[in-house]
Amino acid sequence: MTTAELGRPGPPRRPDRPPSGVRPPGRPRDARADGAIIEATLQTLATTGFTGLSMEAVAARAKVGKATLYRRWSTKDTLVADALATLVETAEPVDTGSLRDDLVAWLNTVRRHTFQTLSGRIMPRLLAEKDSHPELFETYRHQVIEPFRQQAQKVLARGVASGELQPDLDVDLVTDLLVGPVSYRQSISGPNEVSGTRISQVVDIVLEGIRARGPEPRATDGAG
């Protein structure tokens with residue numbers, strides 16, 4: 001017999017979790033203000049980094065009062081952590097049936113995301129402050145970087161399973177080999193985008209080194 005049948009109330013329903021470190025407000029929350037604050041936080045973080053970010057600047061950018069901001073987030077640490085959590089990426093890698101084409105498509109997505117999006121603009125700011133605020137960069141790494149790496153690792157794992165790639169392939173290292181040249185070229189080329197041709201060249205060169213090899217032909221002594 002249930003508690004309802006006995007006429008007794010069941011256990012209280014757990015309320016939805018408010019933003020980190022914030023007491024539930026005494027009046028209904030305005031979801032539009034929440035979104036504006038998160039967006040303003042990310043924009044400010046991309047412009048000034050964590051050290052240069054202030055609660056006052058975020059409130060002004062979001063066009064809300066400081067009291068509204070502080071009712072939701074009591075410190076900038078919790079505000080930034082919650083804002084970074086919204087950057088999570090969950091997209092699955094493409095599967096065209098071609099290992100090369102899948103890797104080219106993935107690397108082009110990484111290039112566009114890293115250098116053409118708000119999330120990509122935030123990364124160098126957090127990387128510059130990694131030593132002083134390691135927990136923030138770890139949040140970014142977990143929410144943004146790791147999902148992209150996992151996409152590449154799934155593509156590479158398919159290549160291993162199909163026999164196209166070496167069975168003992170170090171997929172983590174190969175992911176670095178794919179991303180590294182693109183990130184380096186972009187960082188030294190100023191406003192110029194890495195071309196799609198260069199992306200394809202990187203994939204082709206890496207694939208040449210990691211494809212599965214057939215058995216080596218047996219050496220002969222020339223006498224036969």
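Which residues are buried in α5? Select α5 (76–85) and look for K76, T78, L79, V80, D82, A83 and L84, which are buried. Buried means under 20% relative accessible area, with exposed over 50% and partly exposed in between, for a 1.4 Å probe and protein chains only. Helices here are DSSP runs of H or I, at least four residues, numbered from the N terminus.

This is a predicted model: local features need pLDDT of at least 70, side-chain atom pairs count only at pLDDT 80 or more, and totals for chains, interfaces and linings use all residues. Residues are numbered from 1 along each chain as its sequence is written, and side-chain values use heavy atoms, with hydrogens and water left out.

**Around α5**

Stay on α5. Seven of its ten residues are buried, so α5 is largely enclosed by the rest of the structure. Now show what covers those buried residues: the cover includes α2, α3, α4 (66–72), α7 and α8. Contact means heavy atoms within 4.5 Å.

**The largest core**

Next, select I37, L45, L69, L84, I122 and L126. In the largest nonpolar core, of 28 residues, these touch the most other members. A nonpolar core is a set of buried Ala, Val, Leu, Ile, Met, Phe, Trp, Tyr and Cys residues joined through side-chain atoms within 4.5 Å. At least two residues of this core come from each of α2 (31–52), α3 (55–62), α5 (76–85), α7 (118–128) and α8 (134–161). α2 gives the largest share, eight residues.

Zoom in on I37. Leaving out residues up to four places away in sequence, I37 touches V58, A62, V64, L69, R72, W73 and L79. Another core, of 22 residues, lies apart from the largest one; L99, V155, V194 and V206 are among its members.

**A stop on α8**

Pick P147, which sits in helix α8. P147 is buried, at a relative accessible area of 12%.

**The largest pocket**

Last, go to the largest pocket, with a volume of about 500 Å³. Select T114, M123, I145, V179 and S183, the closest to its centre of the 19 lining residues. A pocket is an open set of points on a 1 Å grid over the protein atoms alone, where a 1.4 Å probe fits, with protein on both sides within 12 Å along at least five of seven lines; lining residues have an atom within 4 Å of a point. The volume is the space filled by probe spheres set on the points, which are joined across faces, edges and corners.

Colour α6 (99–116), α7, α8 and α9 (171–188): these elements give two or more residues to the lining. The largest share of the lining, six residues, is from α8.
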